[in-house]
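User: I'd like to learn how to read a protein model one feature at a time. Could you walk me through it?

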Amino acid sequence: MKAVFLLISGLLFCHFKSAGQAVELCQGAYFTEQQGKEFLEKRKVTSKVAWETRAAQIRKQIREGMDLQTLPPKPTSKQIVHSRKEMDGYSIESVAFESLPGIYVTGNLYKPLKEQKSYAAILSPHGHGENPHGRFREQTQKRCATLARMGAIVFVWDMVGQGDAKQCEHKMPKALKLQTINSISSLDYLLSIPGVDPERVAVTGESGGGTQTFLLAALDDRIKVSVPVVMVSSYFFGGCVCESGMPIHKKGDYQTNNVEIAALAAPRPMIMISDGGDWTKNTPEVEYPFVKSIYSLYGKTDQLEAVHLPDEKHDFGPSKRNAMYAFMAKHLKLDLKAVSDASGKIDEEPAKVLTQKELEVFNEAHPRPANAVMGDAAVMGLL
């Protein structure tokens, strides 16, 4: 009965606050394209002070809307690392660690084989997608391996309810809160690795991973470089509960959108990568100019770039990855030549795509720890 009560309470959270007032969610195409454009036009700021006042308000509502005003204590359990594989210029390990007591972040750590005095570190959250899904997709494995061959330590982890992280369903009511906790814990993990340079830390992901990218950059200034891919839109707020299932965008008369949230990265280096086949189709005319106006307040427009691919669709495909690689090399001091052929073209061929079984964290030899919290009701109760 307790489990049923917790599940019902969690589901009701999506519709009601504790005081009984309706929660104001902005989901999917909450604005029309015109409304998104007009929203940004009305919120242009002309001074750094005005923007930083607004930025503080945005961050405050993100934290309150996620019910994450304070971070939970960090578990002190030992990390699980196994099944190291040496590839062409890089290695891969299967990794798990607790973000909350009984909640395990699961993923793969990619490292360059060449020893360095210090290493850049890159978080690589993945987006939604199937066949295979998540961190096992070709586009995800290719980018992680190539970045490692360029000299970075890279960590990719499962979305809630996917891959090895199947302790609850992906669309449980507080997925956004748990994914943000897992993102911050993943950053903690990367920074704990010996040799990682805290001044060379980046995050890049596409779609739902793009949402995780700009949210983490907004909330944690340990992120020095960000590359949100096919997700920064003036009118689209994310179509999944893990992006917009909690009230981070609106409260009463207060309203923001994902462009303002992405702009919180200013003045740190960021490249916005967009395409013509989804909700980022207007980026050159709408989203990018707004974000550039924020960077101009700091005199740092040179830290912001944009690549728009009008004939492409919603993915993290080769041309999008190539733009990301060049930006990461520039700002993290990575070796682009290490992944380029004689003509200077990036060659991803050495980045081999492995099977899910080869990359899995939990299996018969390495079972999920006994203290793992299982089921939506139990996870909601913990959150």
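**Reading the model**

Analyst: Gladly! Let's begin with burial: Ser207 is buried, at a relative accessible area of 11%. Buried means under 20% relative accessible area, exposed means over 50%, and partly exposed lies in between (1.4 Å probe, protein chains only). This is a predicted model, where local features need pLDDT of at least 70, side-chain atom pairs count only at pLDDT 80 or more, and totals for chains, interfaces and linings use all residues. Residues are numbered from 1 along each chain as its sequence is written, and side-chain values use heavy atoms, with hydrogens and water left out.

User: Where is Ser207 found, and which residues does Ser207 touch?

Analyst: Ser207 is in the loop between strand 6 (196–206) and helix 6 (208–219). Helices (H or I, at least four residues) and strands (E, at least two) are DSSP runs, numbered from the N terminus. A contact means heavy atoms within 4.5 Å. Leaving out residues up to four places away in sequence, Ser207 touches Gly127, Val229, Val230, Met231, Glu243 and His314.

User: How many helices and strands are there in the protein?

Analyst: The protein has 12 helices and 11 strands. Its radius of gyration is 20 Å, close to the 21 Å that the globule rule gives for 383 residues, so the protein is as compact as a globular protein of that length. That radius is taken over C-alpha atoms, and the rule is 2.2 Å times the number of residues to the power 0.38. Buried residues make up 57% of the 383 residues.

User: What should I look for in the backbone angles?

Analyst: Most residues other than glycine have a negative phi, and most peptide bonds are trans. Here, the peptide bond from Ala266 to Pro267 is cis, with omega near 5°. Pro267 lies in the loop between helix 8 (258–263) and strand 10 (270–275). Asp67, in the loop between helix 3 (48–65) and strand 1 (80–86), has a positive phi near 60°. Ser83, in strand 1, has a positive phi of about 60°.
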